[in-house]
Amino acid sequence: MIRVVKPDAPAKLLEGIHPTAADCLLYDGDSAAYDAGTANFEISSAIYGHAEVKDVLRAAQHSKCCFCEGMFEANAAADVEHFRPKKYAQQGRRQAKLYPGYYWLGYVWSNLYYSCQVCNRSHKKNFFPLGDPATRARNHHGDVAAEAPLILDPGGPLDPRDHIRFDDEVAVGATPQGKATVDYVGLNRLPLIEARLEWFQILDLMRCAAAIPEEGATLETLQTIADARAFLAEAVLPTSKFSAMVEDMLAGAA
Ligand SMILES: [Zn+2]
């Protein structure tokens, strides 16, 4: 996971201002029903999930999932993910569903990311643990700035790199936030470990080739060394898959 830097919000999200204001009025009119989950808000994916929004997020995230750094293949299914869940929130597994969720952030740019469906739907779901659950904003009168989320916000004030490091292909949480993110987003799920290991092994071969002494090498070998170094230099860029792992791998090789 690396930090996501987003450009200005797409104009499409302006269409969410009126429905959000209407939802806030609805909540104030019958807060008991929304708190109980018997009344629900309809957050329109035609707005937050519009191609215009997706395209900006996808470009900002270098066509990678905001959590696992897996590359989105062409036409692969992916979701515009709400960092603070829109329908309900759970402090943890087997914890109560806290309705009505962060409905007032359904179309708010800072709350939106582009995520692979495995990270979003199979792992993160509606989990949104806080360091202190008592600070949770339960409706639009609350203050999310008072919350200290345990799952790292990809574009938030904390740099994910300070909280999650890689021991070869394995993600290791270095802080409570890092540990919670690895756990709730499933950063060490088996298919992901296998995909990172495969990439790690390729890069390890490149690293060996890059370390061949140049002195006395044939022209062909010099070319191999140069190619391997170029390959590694590209693999560590934020535009490449699993770049956080690669950065730790190359730093560890020094
Ligand atoms: Zn993912």
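Are phenylalanine 127 and tyrosine 184 buried or exposed?

1. In this predicted model, phenylalanine 127 is buried, and tyrosine 184 is buried as well. The structure holds twelve aromatic pairs, and the ring centres of phenylalanine 127 and tyrosine 184 are 5.2 Å apart with their planes at 50°, so this pair is tilted. Because phenylalanine 127 belongs to the loop between α5 (117-124) and β3 (164-167), while tyrosine 184 belongs to helix α6 (residues 176-185), the pair ties together parts that are 57 residues apart in sequence.

2. Two tryptophan rings have a lysine over the face: lysine 6 lies over tryptophan 109, at 5.0 Å from the ring centre, and lysine 241 lies over tryptophan 199, at 4.5 Å from the ring centre.

3. Strand β2 (residues 112-116) is mostly covered, with five of its five residues buried. In a regular strand the side chains alternate between the two faces of the sheet. In β2, Leu112, Tyr114 and Cys116 point one way, whereas Tyr113 and Ser115 point the other way, and all of these residues are buried.

4. The partner of β2 considered here is strand β1 (residues 78-82), which runs antiparallel to β2 and is joined to β2 by five bridges. Within this pairing, valine 80 stands opposite tyrosine 114 of β2, and tyrosine 114 is one of the residues that point the way of Leu112 and Cys116.

Terms used:
Residues numbered from 1 in each chain as written. Predicted model: local features only at pLDDT ≥ 70, side-chain atom pairs only at ≥ 80, totals over all residues. Heavy atoms only, no water. Phe/Tyr/Trp six-rings, centres within 6.5 Å; stacked < 30°, edge-to-face > 60°. Helix = DSSP H or I, 4+ residues; strand = E, 2+ residues; numbered from the N terminus. Buried < 20%, exposed > 50% of the residue type's maximum accessible area, 1.4 Å probe, protein only. Lys NZ or Arg CZ within 6 Å of the ring centre and 35° of its normal. Pairing = 2+ DSSP bridges.
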